[in-house]
Structure formats: C-alpha cells, structure tokens
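I am opening my notebook on a structure that is new to me. Come along while I look things up one by one.

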Amino acid sequence: MYRWKVSAYAPCSSTCTTGIRTSYALCVRYDGLEVDERYCDALTRPEHTQEFCSGKECQPRWETSRWSECSRTCGEGFQFRTVRCWKMLAPGLDSSVYDELCQSTELQKPMARKSCRSKACGPQWEVSEWSECTAACGGGGLHRRDVRCSMETRLCNESARPQSEKECFGPPCDHRWTVSDWGPCSGVCREGRMMRYVLCKDSNGNIIPDSQCDQDLKPLGVYPCGDRNCPAHWVEQEWEQCNATCGRGVKRRQVVCSGLENAVFKEFPDQACVLGLKPEETTPCFQRPCAKWFTTSWSQCSKTCGSGLRVREVKCYQGEELGHSCNSGLKPESMQACEVQPCPTEAPENSCQDKATANCALVLKVRLCTHWYYRKACCQSCRGRAA
C-alpha cells in the first residue's frame with residue numbers, strides 16, 4: 001500500500017559555478033499521493049544521494065575589510081578600509097579581480113574612507129613652514145618659522161614647544177656683483193642722471209637674488225651727470241625690494257652726496273650737501289596680505305600593519321584669524337602614506353566566521369571540510385566538527 005519514492009533533486013546549493021544537489025525520499029500511497037513518513041518502513045528508506053551541479057557564471061562583488069581605527073585620537077579624523085572586487089571563478093577559487101568587472105555590473109562601490117570624530121582636541125602647537133636661510137652665502141644663517149598655540153599660549157605645554165629656529169647654510173660664497181654699461185644722461189647738472197643695471201650673479205653667470213651678494217660691496221647704479229664739473233648734490237639710488245614678503249614692510253635706497261670734478265665722479269661727506277633737502281632713504285611698502293599655512297604634528301598611522309595613512313591638520317592663518325588667502329600651490333600635504341610592520345598572512349584564530357553564502361550545513365553533511373576552500377569558507381563549522 002505504501003512505498004518509498006526517490007524525489008527529484010533539490011535545487012543546486014550554489015547559484016553560480018559548481019555546487020551540490022541532493023535527492024531525498026518521499027513516502028507515497030499506491031496511487032502516488034504523498035503521505036506521512038510513518039506509513040513507510042524506515043529500514044528500507046533509500047539513502048540520500050548527492051551530486052555536483054553547475055549554476056550560472058558567478059557575478060563579481062565588492063568586499064570590504066574592517067574599518068581602521070580613527071586616524072585622530074581627538075577632533076575630526078578619518079577611518080579607512082580596503083575595498084576590492086572579488087569573483088568566484090571556480091569552486092575553491094574565489095579571487096580578487098580588476099575593479100572594472102564590478103563597475104561594469106553597475107555595482108556601487110562601497111566607500112573606502114569616512115570621517116570620524118572623537119572628543120574635541122585640547123590645545124596643541126601649530127607651526128608654519130621654514131623660511132629661507134638668512135645667510136647670503138656660507139654658514140651662520142638661520143631658518144625661522146612661526147609657532148603658535150591653537151588656543152591661548154598658556155594652555156599649550158611649553159616644554160613640548162617646537163623649535164622656531166635652526167641653523168642653516170646659504171649658497172656658496174662665489175657670487176659677485178656685475179654691472180651693465182651706463183645709459184645716456186637724463187638732464188643738466190644736479191638734475192641729470194646716468195643709470196646702469198647692477199646684478200648679482202653666481203659663478204656660472206646666472207642672475208640670482210641681490211640678497212645673495214654682499215650688500216656692502218654693491219656698486220652704485222645711479223651717477224650724477226650734466227656737466228664736466230658739477231658741485232656736490234644728493235643722488236638717490238634705485239629702491240631695493242620690500243623687506244617683507246607679505247603685509248607691511250619697508251624698502252630702502254642709498255642716497256649719496258656726490259658730484260663731478262673734471263668729469264670724474266666724486267663722493268662727498270653728507271655735510272657738503274644741504275641736509276634739509278636730502279631725499280628719503282626709507283619708505284613704507286605693502287605686499288599682499290600675510291597669510292601662512294600652519295600644520296599640526298602627524299597622527300599615528302591608520303593601520304597597525306601594512307600600508308596605511310597618517311594625517312595632520314592644515315590651516316591658513318591671516319594674523320591671528322583663520323584666513324583664505326594662502327597660496328594653494330604651497331599648501332602642505334594633510335595626508336601621507338605610512339608603512340608599518342608587515343601584516344600576518346594568516347587570519348587570527350578569533351576572527352574565524354562562516355561565510356553566509358557558503359551553505360556550511362551542507363558542507364558538513366557531505367564532508368567537504370577536507371577541501372581547503374570549504375575549510376576556509378566554513379571555518380567555524382568545520383572547526384566545531386573537528387573538535
């Protein structure tokens with residue numbers, strides 16, 4: 001009246017590549033209607049059978065690592081993770097592939113960086129970039145930089161204050177002044193001037209900034225003219241560059257009491273000229289508003305092993321206020337790659353977890369834990385079975 005009937009196979013355990021499908025037995029009546037299993041003899045029940053089955057080609061997928069620790073222990077920082085495209089190429093061959101494969105399926109790539117915020121940062125030192133060496137040539141110069149506290153100065157740890165000066169060497173002392181020929185006379189005696197270019201050059205003949213030549217030896221660039229004999233009068237030289245690279249400064253020029261005797265230049269003491277008529281030797285000058293980049297110290301590396309990133313704050317200050325007129329081309333980098341000790345190749349024991357897509361119950365049932373792929377994909381289940 002009742003008998004066991006082997007059913008069709010269950011759906012393939014894998015939706016792509018090769019999986020396993022299992023048959024099972026039904027208890028049926030003489031007319032083929034399925035009934036409760038207790039009507040059939042349990043001793044004659046057929047064994048389950050399994051066979052491999054093939055699904056469609058596996059689609060690529062994005063996989064991500066865990067988020068790193070926040071790159072800053074205070075204030076706003078970043079967390080990072082690795083995002084890679086993976087694809088099951090064959091049973092036991094789950095491999096990372098080119099990102100283009102995931103992008104071609106219009107899968108949205110998970111973000112690899114996100115901001116994180118810890119408690120507000122306390123006072124910390126901020127520094128600007130080092131200045132050029134003050135030495136015109138040779139040694140004895142200084143690099144300088146501004147050091148400021150992000151809050152009131154008294155709140156920053158004075159013992160940890162970064163240095164604001166360090167010794168440096170200027171270029172080699174083989175620079176010398178060179179002059180051009182004199183130009184034509186511009187007028188009569190006391191008003192006439194002849195001019196020439198005065199340039200600072202290195203040993204290769206390249207023009208370099210005037211500051212790199214000895215200012216005490218600089219030749220005059222303006223001479224009196226207009227008559228064979230011209231009494232002493234004030235002759236002003238060309239203005240030098242502003243002594244400030246930004247903000248307000250002062251520019252200077254040399255004013256010489258001089259004249260001509262038998263068409264030869266002669267310099268006189270200042271008293272020989274009318275002191276009340278002496279031209280100004282200094283004048284205010286203003287460059288673009290002062291704005292400097294300041295940086296904090298670098299954070300710790302975002303990874304404890306392998307390649308990571310470290311960050312720092314970069315701010316533009318105009319005086320004591322935050323500004324926006326700093327030269328963006330000179331902005332210090334706020335992020336930098338960092339390398340620490342190599343990461344272990346084996347995952348830690350406590351990180352073993354079954355993959356949700358691996359159908360680990362079936363893997364245990366058909367004893368596939370001996371296969372390296374399923375042993376890894378179902379590491380928790382296989383380890384439990386081994387125990």
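I start with a definition: buried means under 20% relative accessible area, exposed over 50%, and partly exposed in between (1.4 Å probe, protein chains only). The model is predicted, so I note the limits: local features need pLDDT of at least 70, side-chain atom pairs count only at pLDDT 80 or more, and totals for chains, interfaces and linings use all residues. Residues are numbered from 1 along each chain as its sequence is written, and side-chain values use heavy atoms, with hydrogens and water left out.

**Entry: disulfides**

I looked up the cysteines, taking a disulfide as a pair of cysteine sulfur atoms within 2.5 Å. By this rule I get 13 disulfides. As a reminder to myself, such a link is a covalent bond between the sulfur atoms of two cysteines.

Which residue does Cys116 form a disulfide with? The partner is Cys70, with the sulfur atoms 2.0 Å apart. The link of Cys70 and Cys116 is right-handed, with 90° about the S-S bond. It links distant parts of the chain, 46 residues apart: Cys70 is in the loop between strand 5 (61-64) and strand 6 (76-80), and Cys116 is in strand 9 (residues 113-117). For such places I rely on DSSP runs numbered from the N terminus, where strands (E) have at least two residues and helices (H or I) at least four. Is Cys116 buried or exposed? Cys116 counts as buried at 10% relative accessibility, whereas Cys70 is partly exposed at 21%.

Next I noted Cys133 and Cys168, a disulfide with sulfur atoms 2.1 Å apart. The torsion about their S-S bond is about 90°, so this disulfide is right-handed. Cys133 lies in the loop between strand 10 (125-128) and strand 11 (141-144) and Cys168 in strand 13 (residues 165-168), so the pair ties together parts that are 35 residues apart in sequence. Cys168 is buried, with a relative accessible area of 7%.

I also picked Cys316 and Cys326, whose sulfur atoms are 2.1 Å apart in a disulfide. Here the torsion about the S-S bond is about 90°, so the link of Cys316 and Cys326 is right-handed. Cys316 lies in strand 26 (residues 314-318) and Cys326 in the loop between strand 27 (321-322) and strand 28 (335-339), so the pair ties together parts that are 10 residues apart in sequence. Both Cys316 and Cys326 are buried.

**Entry: aromatic rings**

A pair of aromatic rings is described by the distance of the centres and the angle of the planes. I count rings of Phe, Tyr and Trp (its six-membered ring) as a pair if their centres lie within 6.5 Å; planes under 30 degrees apart are stacked, over 60 edge-to-face and the rest tilted. The structure holds five aromatic pairs. One of them is Tyr2 with Tyr39, which is stacked at 4.9 Å centre to centre and 25° between the planes. Tyr2 lies in strand 1 (residues 2-6) and Tyr39 in the loop between strand 3 and strand 4, so the pair ties together parts that are 37 residues apart in sequence. Tyr2 is partly exposed at 34% relative accessibility, and Tyr39 is partly exposed at 40%.

How far apart are the ring centres of Tyr223 and Phe265? They are 4.2 Å apart with the planes at 15°, so this pair is stacked. Tyr223 in strand 18 (residues 222-225) and Phe265 in strand 22 (residues 264-267) are 42 residues apart, and the pair links distant parts of the chain. Together with Trp182, Tyr223 and Phe265 form one aromatic cluster.

I then asked about charges over rings, meaning NZ of Lys or CZ of Arg within 6 Å of the ring centre and within 35 degrees of the ring normal. Arg196 lies over the face of Tyr223, 5.7 Å from the ring centre. The charged end of Arg148 sits over the ring of Phe294, 5.9 Å from its centre.

**Entry: salt bridges**

I take a salt bridge as a side-chain nitrogen of Lys or Arg within 4 Å of a carboxyl oxygen of Asp or Glu. The count comes to 17 salt bridges. Among them is Glu261 with Lys266, whose closest N and O atoms are 3.4 Å apart. In a network, salt bridges that share partners join Glu126, Arg148, Glu313 and Lys315.
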